[in-house]
Amino acid sequence: MSGALPTPEPSGLELERRRFRRRQTGRSVLVAAASTLVFAVVVWITLVNTPGWARVQSTFFDPAVAVEAWPRVFEGLLLNLAVLVFAAAGVLVVSIVLAILRTLRGPVFFPLRALAAAYTDLFRGLPLIIVLYVVGFGIPGLGFTDTRPPAAVLGTVALILTYSAYVSEVFRAGIEAVHPSQRLAARSLGLSHGQTMRLVVLPQAVRKVTPALMNDLVAMQKDVGLISVLGAVDAVRAAQIETAAAFNFTPYVLAGLLFVLIALPLIRLTDWYTARVRRREQMGALV
Amino acid sequence: MSEVLRLAAVRKSFGSRDVLRGIDLRVDEGEVVALIGASGSGKSTLLRVVNLLERVDDGQVFLRGQDISDPRVDADAVRARIGVVFQHFNLFPHLSVLDNVTLAARHVHRRRRETAEASALELLARIGLSDHARSYPDRLSGGQQQRVAIVRAIATDPDLLLLDEVTSALDPELVGEVLDLVRELAAAGTTIVMATHEMAFARDVADRVVFLDRGVVAEEGTPAEVFGTPREQRTREFLARVGGLGPPPSAERA
Ligand SMILES: Nc1ncnc2c1ncn2[C@@H]1O[C@H](COP(=O)(O)OP(=O)(O)OP(=O)(O)O)[C@@H](O)[C@H]1O
Ligand SMILES: [Mg+2]
């Protein structure tokens, strides 16, 4: 926007300083790479020389079994992904509603506030596996529907119930971190309570908590594998079936690797975003 | 002169602390009223009462003849007719300058985006900040931020503009540009009630000065009356304390 001044040529002193910094950076990278390599080799050699290695290798890392199991495990993984997407969307909605309920002020809203608080306390305390069993076998037992809903759907519901409790706390922290004068400024413009929430408070809250949210998403993508206990044929369950057929644990390792592969981009994205937020907040700091 | 704002026997307390103890005040169209008084005398509370951010404990507040202290009035609609600028944290950091200025026009007054943006850009041009329309508030100096906040407050043509010490959080060299904008608005006929610690500015710009002390209007009159020949002993003491009882404005502006 401002007219750019021509950048002057750096002085000889500055050029020398830059050369020195580059040399030093290069040396640090070398040292780090070499020590990492040495460490990896030592671990590898130790592992390979353990007495049981040969047997472990053939029961956990058998390429032939992996190839055999691939189609089924991969198909299961697609189910995991679908469940992840639906569960994440559900969690987003439910947790924002819970967080807003918990931040309502005034005695009129006490019942809603208390209900939301009780919900989050309960579901943050309950192990996911128990929620899965209760939802997976309890809801069909109620007989709402003639046929039993698919296990994947029930699993998604259980995931939403549990994770919404955690994520709503994250949102609540974000909402409360927005300075109260922002609300005042919004209200004095004539915005209603709802508009203030939607246009002013939530956008700022979400920015503040995005790293934490992404962290929870990674945790959830992992826990999606637990829906196999309800009989949904996801990657874990498929691996179990293949393992039983081949008398070999390689399918589990394969499924595990695939889970990590899905998580990696999410994890990297989280790290990148967190670093960006931190850089913004500490502009100018060298240490 | 038609009446814009009237307070009748307004009372407000926080717990056992009586902050406003029967305030009567009338502000007419186009008038600029400066509220002065010691820290804690209730200036901000009075402005928040007018803007319905605080509920009165007794008495009435009228905006263009409508009793806005009546619980049946739509508080949001009343606030939409009053522009407010606080000491700081006015702008929304996640919105560009332009979006800050057009937020109320679009979402409260339901104007179309193009209409709202056109008039916002005009206002920004008037304060020399058109170049910053797409910038975010953190790229602006404190003085620029306050000027945007003022422009945002008047963007929807409110009946009344309330300013609560809009310069007291600023570095001294930024105060001038903000006061100049207020002076311009005053000259253009905006009805303004401002709480201020800038006595010289109050004397310069205000049509009327209201001195609050211990929850009541202790003295009010033209700047010449209140600053030049204060009737009350406590007004004289206050002015002596803040150094506002100086030579007449003409000599001071050298
Ligand atoms: N929300 C509140 N709860 C309790 N006490 C309050 C509240 N708001 C203001 N007060 C008290 O009311 C009194 C008047 O405050 P107010 O902010 O109106 O004063 P002021 O004249 O604006 O002062 P200053 O010049 O420092 O801004 C102060 O004693 C303050 O502590
Ligand atoms: Mg104040």
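## Surroundings of ligand 1

In this predicted model, 14 residues surround ligand 1, the closest being Arg17(B), Ser39(B), Lys43(B), Ser44(B) and Thr45(B), where a residue is counted if one of its heavy atoms lies within 4 Å of the molecule. By class, the shell divides into 3 nonpolar, 7 polar and 4 charged residues, with Gly among the polar ones and Asp, Glu, Lys and Arg as charged.

An oxygen atom of ligand 1 is 2.8 Å from an N or O atom in the side chain of Arg17(B), and 2.8 Å is also the value for the side chain of Lys43(B). For His197(B), a polar side-chain atom lies 3.3 Å from an oxygen atom of the ligand. Taken alone, ligand 1 exposes 630 Å², of which the protein buries 65% (Shrake-Rupley method, 1.4 Å probe).

## Contact between the chains

Chain A contributes 20 residues and chain B 23 residues to their contact, which means heavy atoms within 4.5 Å. Together the two chains bury about 1,900 Å², 64% of it on carbon and sulfur atoms; this is the accessible area (1.4 Å probe) lost on putting the two parts together, summed over both.

Across this interface there is 1 salt bridge (a side-chain nitrogen of Lys or Arg within 4 Å of a carboxyl oxygen of Asp or Glu), in which the side chains of Asp76(B) and Arg187(A) meet at 3.1 Å, N to O.

## Basis of the values

Residues are numbered from 1 along each chain as its sequence is written, while chains are lettered from A and ligands numbered from 1 in the order in which they are written. Local features need pLDDT of at least 70 and side-chain atom pairs count only at pLDDT 80 or more, whereas totals for chains, interfaces and linings use all residues, and side-chain values use heavy atoms, with hydrogens and water left out.

Terms used:
Polar contact = N/O pair within 3.5 Å; in protein donor to acceptor, adjacent residues only side chain to side chain.
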